[in-house]
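I opened this entry to get my bearings in a new structure. My notes follow the order in which I looked things up.

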Amino acid sequence: MKRRHVLGMAVLTMTAALGMGTAASAEGSGLIGVCMQNMSSSISELEAEALTEMFEPLGYEVQVVSADDSVSTQTQQIQNFSLMEAEMIVVLPCEIETLEDVLQEARDYGAKIVISGGTGSISEDCYDAVSADDEYMIGMYVASITKTWVEENMDPDGDWDVAFLSSTISDDAKSRCAGEAQIIEPYLKNEDGEYVNLVGDVVDEADKVENPVYCEMIAERVESLDGSTTEMDISGDNRSVVAGVLTDNPNVRVIIGYNSLVSTAGSQYIMDTYSEEEQQEFAFFSAGVMGDEYEYLIGSVSDEAGTASVFRGACQFGGGDAATTLANLAYTVMFGEEGVDYGKSNPNSIGLYYPIEAGQNDGVAELVFFDSESQIVAYTYEEVLAQENLTVYWDAANGYNENALESEEEADDAEAAAEADAPEGATAYLCEYEGAFGTETLEFDLYEDGTCQYYLPGSEMVTDVYAGTYVQDGETVTVTGLTNVDTTSSYTTPGLWSFINSETGACVITIDEEAGTFTPQE
């Protein structure tokens, strides 16, 4: 079966909407400098790609440089772009507080400054706009996802411990890790340690409220936060860090990390080191999810469709597509839009990813996500599955949801993976049939392994796909057991066509191999 792509190039949305042409670059140097913290993280690669695809068609030269996590290198790179009279400098900072002076100098040279991430305590005079993330809230939502999984999967009386892999490389990193640590705080606090209510207002101790992300099972296993915390490398592999944590404390089974790079690397270390039975005891949680990490999340519930994994959940900063959000903001800052004030701070949404095990979802393993509330909330899996804005990213019955993929390239990769997993030797047979919707084109795909699929190709009304088995005797094909591959659908068997038994999903067709058609036997 051929799958249709429905995605466009989202990074060109602003270009099409505002209609700016290549003449814009003729008014200045035509140079846009992009200073990345490093190029080993998925977000850096995606943001660089989005900015390049946004501005190069307009005649700009987009130069992307990597600081390789060096503050001094990034400072020098920004200075170089200033001397080159770059019209815009986009920065994913190593340590934002150390860049205040050089960013101010760049603005004095005439460059527009756009920052990806947080701005810490630096002056607003140093930048034009920031695509901002609430790092403390991101951390708290990592805690929320952890709480959900732990309380539904771990033994409260079991002999297991928890470890935090944190980063102190910047104020933003410290904020996220402080948010993650709220999982051991019984009462809700802000980043400064003050008691707050659910909407973030500071309250007296007498008016303190229970913390929605507090997990007693975690808290009772953390004698001190410092004693349970290890510094990680935010752009490195970190397998050795995970190995060290487990060597120091072999009872650690739940690991809360700063970013999803450590969860994928740490998960892979577990898969390489422990037996299959032991692997089920482990769980990683973190923030990020910008690239191949999806495969590891899928692998938490399906080692057949994704990379086998113990990465149990994640919070994604930027919601569905942080890279496109940044590129669109940079476009607006560069050209402006009459009557629109983009503002200094442009908060990103926060997406929550939950791998839902088949046992908790009517037999269907899924990776689902949704944008968070504006205030911190903790969910049970039942509440997750009841979310109105829930999106299924992947499920065991249908594979990837192309509408949920972030890019055309990611959709292509998903289609290639699906085709690689499909049975070989499929032959398609079509039939023009007078059915419930008038003349319909029906299709049977017969596979060499004796399985088959039946569906109505190209229909926007009937999208269900039914799978079954068949036996062929010459031109006669006897099909049995057609059932919907989407087990959540209300149409479990094909009941709209009279030649198919609506109770058993059985039918008989006659095929014409030369013509590639079939005729139903009513």
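I began with burial. Of the 522 residues in the protein chain, 52% are buried. Buried here means under 20% relative accessible area, exposed means over 50%, and partly exposed lies in between, with a 1.4 Å probe and protein chains only.

I noted what kind of model this is. It is a predicted model, in which local features need pLDDT of at least 70 and side-chain atom pairs count only at pLDDT 80 or more, while totals for chains, interfaces and linings use all residues. Residues are numbered from 1 along each chain as its sequence is written, and side-chain values use heavy atoms, with hydrogens and water left out.

Next I listed the elements. The protein chain holds 14 helices and 22 strands. Both are DSSP runs numbered from the N terminus: helices are H or I with at least four residues, strands are E with at least two. I also checked contacts, meaning heavy atoms within 4.5 Å. Among contacts with a separation of 6 or more, 66% link residues 24 or more positions apart.

**The parallel sheet**

I traced an open sheet of six strands, in the order β2-β1-β3-β4-β5-β11. Its pairing is parallel. Two strands pair if DSSP finds at least two bridges between them. At the edges I found β2 (61-66) and β11 (345-347), each pairing on one side only. From one strand to the next, the twist averages 15°.

I then looked at one pair inside this sheet. Three bridges join β4 (residues 112-116) and β5 (residues 129-132) in the parallel sense. V114 stands opposite A129 of β5. Helix α12 (residues 322-335) packs on the sheet and touches β1 (31-36), β3 (88-91), β4, β5 and β11. The direction of α12 makes about 165° with that of β4. Such angles run from 0 to 180 degrees between N-to-C directions, and axes are lines fitted to C-alpha atoms, for helices over the stretch in contact.

I stopped at S29, in the loop between α1 (13-18) and β1. S29 has 38% relative accessibility, so I logged it as partly exposed. Beyond its neighbours within four places in sequence, S29 contacts M84, E85, A86 and E87. Y60 is 31 residues away from S29 along the chain, yet their C-alpha atoms are 8.6 Å apart.

**The mixed sheet**

I followed a second open sheet, with nine strands in the order β7-β6-β8-β9-β10-β12-β13-β14-β15. Here the pairing is mixed. β7 (229-231) and β15 (399-400) are the edges; each has a single partner strand, so one side of each lacks a neighbour in the sheet.

I walked along the β15 end. β13 (residues 366-371) pairs with β14 in the antiparallel sense over four bridges. E366 has D395 of β14 as its bridge partner. β14 (residues 391-395) and β15 run antiparallel and share two bridges. A hairpin of three residues connects β14 to β15. In β15, G399 is the bridge partner of D395, and Y400 stands opposite W394.

I picked out N259 in β8 (residues 252-259). Is N259 buried or exposed? Its relative accessibility is 9%, so N259 counts as buried. N259 touches R176, M232, I234, S286 and A287, leaving out residues up to four places away in sequence.

I finished with α8 (residues 239-248) and α9 (residues 260-273). They pack at about 60°, with their axes 8 Å apart. That makes α8 and α9 oblique to each other, because angles under 35 degrees count as roughly parallel, over 145 as roughly antiparallel, 65 to 115 as roughly perpendicular and the rest as oblique. Their crossing is right-handed. The term applies if the near helix is turned clockwise from the far one by less than a right angle; anticlockwise is left-handed.

I listed who makes the contact. α8 supplies R239, V242, A243 and L246, and α9 supplies A265, G266, Q268, Y269, I270 and D272. By class these are six nonpolar, two polar and two charged residues. Ala, Val, Leu, Ile, Met, Phe, Trp, Tyr, Cys and Pro count as nonpolar, Asp, Glu, Lys and Arg as charged, and the others, Gly among them, as polar.

Last, I checked burial in α8. Its buried residues are V241, V242, A243, V245 and L246. Their cover includes β6 (161-166), β7, β8, α9 and β9 (283-287).
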